[in-house]
Amino acid sequence: MQTLPSSPNVNTTVNTTAGLVVESESSPAPQEHLKSVQTHELASPQYDPGTIAAYYGRRPFQVIGRLLSIFWSFFGFVLALWWDRVRGKGDRNQLKRAVRMREILTDLGPAYIKVGQALSTRPDLVPPTYLEEFTRLQDQLPPFPNEIAFQFIEEELGDRPENIYAELSEMPLAAASLGQVYKGKLKSGETVAVKVQRPGLAQQITLDLYILRWLAGWAQKNFKRIRSDLVSIADEFGARIFEEMDYTQEGRNAERFAQLYGKLPDIYVPRIYWQYTNRRVLTMEWITGTKLTQLQEIRAQGIDASYLVDVGVQCSLRQLLEHGFFHADPHPGNLLATPDGKLAYLDFGMMSEVMVPQRYGLIEAIVHLVNRDFDSLAQDYVKLEFLTPDTDLTPIVPAFAAVFNEALGASVAEINIKSITDKLSALMYEYPFRVPAYYALIIRSLVTLEGIAINVDPNFKVLSKAYPYVAKRLLTDPAPQLRNSLKDLLFKDGSFRWNRLENLLRNARDSQDYDINFAVNQAVEFIFSERGEFIREFLVTEIINGIDTAGRNAIDQVRFNLRSIIGLETKPPVKKETPGNMEHIARVIDLLRNTPGFDTAQLLPIIPRLLAKPEVRGMGQEIVGGLGQRVAARMIRELLLDDRELAEGKAAIELPEQRALPAGVR
């Protein structure tokens, strides 16, 4: 155990092995001990429900007191619900009750505000009306005294604020559920934001988490309607809020975010000043900017707000589907337009991660959705852990069709994420869905971003802006999952859907980092790999058809020209139609050539590598063999036809060409 002063007459007890953080009233620690603690970096506290349960199991009066406070807050609410049901006014008063629930959560403090925010992304737990109301939860609270904040700075950084900062604002500029922010300036001249954690926060939140976990277990055992693992959800919530209480973790999140996405065009991530950062104090670069929702101010600066929203969408897509590390709270206050026209991200306390299989699973689900393959879509939801493997999908498949068919009747540019998620929320509440945490946060992130976008431009559609990126990933990502998804998208019932390929190529051109030469290289490598056999078979058939048709047309034309010279032909030959697929191939080649950045010279090195591949040689042999078989079959068919005509007496001795000869030539 190590003891660290956290506020006047309060010590923070950090169990760095078990991970419990609690605060207890006591006298301040001696300055010598304070200095020794400050010279060592403490291990970040981790959420450990077992240790928390053991701690509060020995403090029943503290738990009972908080339980009574919570019970009294909810008693009137539950009574009102019961009375609504007795009078048959449950549906009519649902919005009123949802508003009251939001107010109760706000009054109960930081942990319950966070619970409400988390529930706003859980359609499997909360009816749609409550979902909508919980998204409006405001976590703005009155600031705590400067004296406490300044003491925290001294305890965490080892000196008085005036000795650390050249300037510090007299009052905090913002106060939220977990801390408050001051504007300051370092002695080296940099302007900074200084975030200081609330006093007593760890004690209050830890006690509330203990009670919430106990209530979750009780509700899960006693309410059959609840299908999700509430205890696991409570533990996940606890782990996340513990991370938010550790400002060093937030600093690491910011640096990782900058490393992954800071190089994207017009994305800006503030710098962390580690010399002035510790568990309860965070010092980061001050960002001067305007909220994206303040349109008049942005336009007055000559900044295109719609462009910055598009930048945010592209960045979010890379967060969710490429690297997996994403900002889970992109509300207007965390997205600022800087004076030089960049989009700055703030507040990296709430981050989440999408694992690799889940990223590919989401793209596969998008493909099946586009194909209206609702049977496969239902299986995707099993693979993504929305449904258990033993779930009966029979009633769910038509439910998907009912939800998505209407949306898919519109173009991609007309689809609204909010409308789809609202319908899905109702479906997930009715059927045995268990929404994984990563998905809930993804939906929260996308819906919040779409809300900001619509405020900027009512006609802005996130999905229409996202489609070029998805097209680029399908065309360039070599992962087997996406190769299979591309196959599902382009092939149906043995036929190739050229319009889909052309649409992908057109959309991919609009993606910011689409490298057409890399895409062609990847496509060629895939086609002539073991996994590309199905495409090679299709290409062999089409090439044989094309060469055969062109050859027959050429022979007919030569024959006609020769006979015309000697006066034997009077009617031009009927040109055999080139297979439609060859026209599609020509259009695809034209699309590639007209894509910005396409360079034939960069593709030349591929040729020697391809010629060395056995698949290429095998493909050439198949084409030659297939053409030979067609020629032989045609000759045999014509000979047999002539013999049959002679044997049956159904034709004259002269060949058709001879009948047309003038008398003098015979």
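Biologist: What makes strand E7 and E9 a pair, and in which sense do they run?

Modeller: Two strands pair if DSSP finds at least two bridges between them; E7 (residues 191-197) and E9 have five bridges, in the antiparallel sense, so they count as a pair. Val192, for instance, stands opposite Glu285 in E9. Strands here are DSSP runs of E with at least two residues, and helices are runs of H or I with at least four, numbered from the N terminus. Before we go on: this is a predicted model, where local features need pLDDT of at least 70, side-chain atom pairs count only at pLDDT 80 or more, and totals for chains, interfaces and linings use all residues. Residues are numbered from 1 along each chain as its sequence is written, and side-chain values use heavy atoms, leaving out hydrogens and water.

Biologist: Why is strand E9 called mostly covered?

Modeller: Buried means under 20% relative accessible area (exposed is over 50%, partly exposed in between; 1.4 Å probe, protein chains only). Five of the five residues in E9 (residues 281-285) are buried.

Biologist: What makes a set of residues a nonpolar core?

Modeller: The set holds buried Ala, Val, Leu, Ile, Met, Phe, Trp, Tyr and Cys residues joined through side-chain atoms within 4.5 Å. The largest such core has 113 residues, and Phe257, Tyr381 and Phe433 are among those with the most contacts inside it. A second, separate core has 32 residues, including Tyr56 and Ile211.

Biologist: How do you know that the lining of the second largest cavity is nonpolar?

Modeller: Ala, Val, Leu, Ile, Met, Phe, Trp, Tyr, Cys and Pro count as nonpolar, and the lining has seven nonpolar, no polar and no charged residues. Tyr467 and Leu489 are among them.

How values were computed:
On a 1 Å grid over the protein atoms alone, a cavity is a set of points where a 1.4 Å probe fits but cannot get out, and a pocket is an open set with protein on both sides within 12 Å along at least five of seven lines; lining residues have an atom within 4 Å of a point.
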